[in-house]
Amino acid sequence: MCFTLPSTNGLTAWVTFSGYVSGKKVYKTTNGGTSWTNVSTGLPNLPVNCIQFDSVYGSAHNAIYIGTDLGVYYRNDEMGAWTTFTTGLPNVRVNDLEIVLLKI
């Protein structure tokens, strides 16, 4: 299990579960854990190893990245399902994610 919290809201959190239980990978709470919503729609039946909230670029739409056994997936509040995030990344097991602001 892995979890992440956005830096701006103490009531919102996401949690992931690894393993091979289909449709039970990522959950989100917006009320401090009183209730949880399953947001696993669109994910393959693979372990989800890590999760990272994008407080740098995607905080306006609650952008979330997860690391799975076959790479990285992405979702935000405007999307109905997860999508692969493969720009410059191989399809390998991802156990840790970090979002870094690059100044160009």
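Predicted model: local features only at pLDDT ≥ 70, side-chain atom pairs only at ≥ 80, totals over all residues.
**Confidence.** Begin by colouring the protein by pLDDT. The mean is 85, and 85% of the residues reach 70 or more. Select strand 1, residues 2-4, where confidence is lowest, at a mean of 65. Then select strand 4, residues 37-38, where confidence is highest, at 94.

**The largest nonpolar core.** Next, select Trp14, Val26, Val39, Leu43, Val48, Ile51, Phe53, Ile64, Ile66, Tyr73 and Trp82, and display their side chains; these 11 residues form the largest nonpolar core. Highlight strand 5 (48-53) and strand 6 (64-68), each of which supplies at least two residues of this core. Strand 5 provides the largest share, with 3 residues. In soluble globular proteins, nonpolar side chains tend to be buried together.

**Trp82.** Within this core, centre the view on Trp82. Leaving aside residues up to four places away in sequence, Trp82 touches Val26, Val39, Leu43, Ile64, Ile66 and Tyr73, and also Ser40, Thr41, Gly42, Tyr74 and Arg75.

**A separate core.** Another core, of 7 residues, lies apart from the largest one. To locate this second group, select Ala63, Tyr65, Val94 and Leu97, which are among its members.

How values were computed: Residues numbered from 1 in each chain as written. Heavy atoms only, no water. pLDDT = per-residue confidence, 0-100. Helix = DSSP H or I, 4+ residues; strand = E, 2+ residues; numbered from the N terminus. Core = buried A, V, L, I, M, F, W, Y, C linked by side-chain atoms within 4.5 Å. Buried < 20%, exposed > 50% of the residue type's maximum accessible area, 1.4 Å probe, protein only. Contact = heavy atoms within 4.5 Å.
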